[in-house]
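Reader: I would like to learn how to read contacts, cores and helix packing in a model of this kind. Could we go through them one at a time, beginning with a single side chain?

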Amino acid sequence: MKKKRILGSAVLSLAMGVSMFATGAFGAGVQESQDTYRVLVKGPSAEQAKVKEQYGKRWDFGKQGFTTEVNSKQYQALLKNKNIEISQVEQYTIDARVEGNSNGKGKGDYTAQASYPSDQTPWGIQAIYNDNYIQATSGGDGIKVAVLDTGINRNHIDLTDNVEQCKDFTQSYSSLVNGSCTDRQGHGTHVAGTAVANGGYDGAGVYGVAPDAELWGYKVLGDNGSGYSDDIAGAIRHAADEGVRTGSKVVISLSLGSSGKDSMIASAVDYAYSKGALVVAAAGNSGPSANTIGYPGALTNAIAVASLDNTFVNGTHKVSDFSSRGNPYTDGDYYIQERDVEVSAPGGGIYSTAVDGNYATMSGTSMATPHISGLAAKLWSSNKYWSNSQLRYEIQRRAKLYDIKGGTGAATGDDYASGFGFPRVR
């Protein structure tokens, strides 16, 4: 029996500042309180074993070392140990501006009987389907979309039937269980909706690009929007391993970023790609200057997604001013290198699922990323024999067909702002 929707009053409205990276973004390494340190420990295996025995471990990255948490006194002791090398794990913070309210409701995983959305197929969905009159979407069955973010409201009426995994990587890995991924910030729930929202029990809710895909909600950022690179790297590897374990095709969606390259995350992205997963990541919100693209989107084994506005220049969608740009010296070479934007998708003024069970509008390359993650799931579902590299090629090919620089059909290569262009369903 379908649940009945109760019409609510005001809908929560969220707007992301242009300084945000995909989740807003990972900002520039905010240092943790001096009371506690999370550190990466490297050195001979025997010496690492001694430190593990003394302080425990959080994530073990093999030859890259392992991470652990220590207090100030323990940190000073590790610094004096000449047999090992330690470095602080960067802490990143999302930069988001919240406007409006949530109708007096708290944020979190509660069952909400939401108001009807003002638009079931927002402009981004219409654009990627190339259909201004589409009323519902379909596709993605059998494909897993792992959204690594602030968590999700797994009880949102438009998401709950999609949720297959729900895990919190901000807690101790030893206590990682399926069933906990509470979003108290809102970013992850919004991103998930754009990728896989299914219209709800009564079909009157909002729709994402691939509503039949299975959602893996991985909480890698805390309730304040901050997260550690080792938790993110661990979640990327876990998603890839889960794909192998279950024999599934996995799209890893990363609406987060940093201006600097992190070795643990870079290695994890390479690992996931080698295991057959497709990694999609935000380009960042530090535009419009050149060479502002962030990581992990800038990595060669991740698809970097730029943001488009719902405005037109010469009949094509305009690249958002805030959207980070890549390397202008590689324009038109038809080859994706490190620090290149790969494709573009709607990211300005995107309407999607909100953490309080209603709906919200947000902007950023964070919002562009799940459009491509959903497109990947939809295409892969119909072509499960494809490898991740074949799927990636098809996304690039479709982007060229709808190259936003010259209009439909103009295949002029990739450029530093929009990549190959805007890939669409049809």
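This is a predicted model: local features need pLDDT of at least 70, side-chain atom pairs count only at pLDDT 80 or more; totals for chains, interfaces and linings use all residues.

Author: A contact means heavy atoms within 4.5 Å, and, leaving aside residues up to four places away in sequence, valine 305 touches Val280, Ala281, Ala282, Ala283, Val343, Ser344, Ala345, Thr365, Ala368, Thr369 and Ile372. Residues are numbered from 1 along each chain as its sequence is written, and side-chain values use heavy atoms, with hydrogens and water left out.

Reader: Which residues touch the most other members of the largest nonpolar core?

Author: A nonpolar core is a set of buried Ala, Val, Leu, Ile, Met, Phe, Trp, Tyr and Cys residues joined through side-chain atoms within 4.5 Å, where buried means under 20% relative accessible area (1.4 Å probe, protein chains only). Here the largest has 56 residues, and Leu278, Val305, Leu391 and Ile395 touch the most other members. Helix H7, residues 365-382, contributes the most to this core, with eight residues; helices are DSSP runs (H or I, at least four residues), numbered from the N terminus.

Reader: At what angle do H4 and H7 pack?

Author: Two packed helices are described by the angle between their axes and the distance between the axes. Helix H4 (residues 187-196) packs with H7 at about 35 degrees, the axes lying 7 Å apart; axes are lines fitted to C-alpha atoms over the stretch in contact, and angles run from 0 to 180 degrees between N-to-C directions.

Methods:
Buried means under 20% relative accessible area, exposed over 50%, partly exposed in between (1.4 Å probe, protein chains only). Helices (H or I, at least four residues) and strands (E, at least two) are DSSP runs, numbered from the N terminus.
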